[in-house]
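Keep the viewer open, try each task by yourself, and then compare notes with the solution.

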Amino acid sequence: ETTIENGKLVILATLCAILVGLPLTFLYNLLLPHLGDGWLLSGTQFVLLLVGTLITLIVAELAKCGNFCGIAAIVFILLALKHFESSMYLYSLLRVFQTVLAIGIAWLLNVKLFPYPATPGSLSYLMMKRSKKKEE
């Protein structure tokens, strides 16, 4: 039952991404002949990517996608980057963002939640303390 509900939410999140992506793709195609090949094109792509991601998150939240709002944003970003024909600047920026995000998650897990050895206040310390209480 939960799997079916989650599947419906994933489909709804994907539809939200498409709903936002189509008008922005149309807008981009209208602007494309006027942008040239330089920094104006890359800047426009970057702005449309950021604004589109924000709008996608808002639409997904209004559609009550819950924890699957991030999937809507990811689908939008993937579709937008594919449509932009992977501008080297956008691709580089996305890679930098992914790297910073991965480092942040690794830091959170290894330093704050599960440091070795366990330090007071960390999640691993609290779990060890709790399991010792159960043993007593």
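The exercises below go from the overall fold to single residues.

This is a predicted model, in which local features need pLDDT of at least 70, side-chain atom pairs count only at pLDDT 80 or more, and totals for chains, interfaces and linings use all residues. Residues are numbered from 1 along each chain as its sequence is written, and side-chain values use heavy atoms, with hydrogens and water left out.

**Exercise 1. The overall fold**

Work out how many helices and strands the chain has, and what share of its residues is buried.

Solution. 
- Step 1: Take helices (H or I, at least four residues) and strands (E, at least two) as DSSP runs, numbered from the N terminus. The chain has five helices and zero strands, so the order of elements from the N terminus reads α-α-α-α-α.
- Step 2: Call a residue buried when its relative accessible area is under 20%, exposed when it is over 50%, and partly exposed in between (1.4 Å probe, protein chains only). By that rule, 24% of the 136 residues are buried.
- Step 3: Look at contacts, meaning heavy atoms within 4.5 Å. Among those between residues at least 6 apart in sequence, 58% join residues at least 24 apart.
- Step 4: The chain exposes about 10,000 Å², and carbon and sulfur atoms account for 71% of that.

**Exercise 2. The salt bridge**

Find which side chains meet in a salt bridge, and say how they are placed in their helix.

Solution. 
- Step 1: Search for a side-chain nitrogen of Lys or Arg within 4 Å of a carboxyl oxygen of Asp or Glu. The structure has one such salt bridge, between E5 and K8, at 3.9 Å from N to O.
- Step 2: E5 and K8 are about one helical turn apart, because they sit three residues from each other in helix α1 (residues 2-35).
- Step 3: Check the exposure of each partner. E5 is partly exposed at 42% relative accessible area, while K8 is exposed at 51%.

**Exercise 3. Helix α2 and its end**

Determine how far α2 reaches, which of its residues are buried, and what follows it.

Solution. 
- Step 1: The expected span of a helix is 1.5 Å times one less than its number of residues. Helix α2 (residues 39-62), with 24 residues, spans 34 Å from first to last C-alpha, close to the expected 34 Å.
- Step 2: List the buried positions: L41, S42, T44, Q45, L48, L49, G52, T53, T56 and A60.
- Step 3: Zoom in on two of them. Q45 is buried at 2% relative accessibility, and its C-alpha is 8.6 Å from that of A80, 35 residues away along the chain. T53 is buried at 16% and, leaving aside neighbours within four places in sequence, contacts A73, F76 and I77.
- Step 4: Compare L40, also in α2. L40 is partly exposed at 38%, and touches H34 and L35, not counting residues up to four places away in sequence.
- Step 5: K64 lies in the loop between α2 and α3, and its phi is near 60°, a positive value in a residue other than glycine. K64 is exposed, at 67% relative accessible area.

**Exercise 4. Nonpolar side chains, inside and outside**

Solution. 
- Step 1: In soluble globular proteins, nonpolar side chains tend to be buried together.
- Step 2: Two or more residues come from each of α4 (88-113) and α5 (123-135), with the largest share, four residues, from α4. F97 is in α4 and is exposed, at 52% relative accessible area.

Methods
Areas by Shrake-Rupley, 256 points an atom, 1.4 Å probe, with all protein chains shown as cover.
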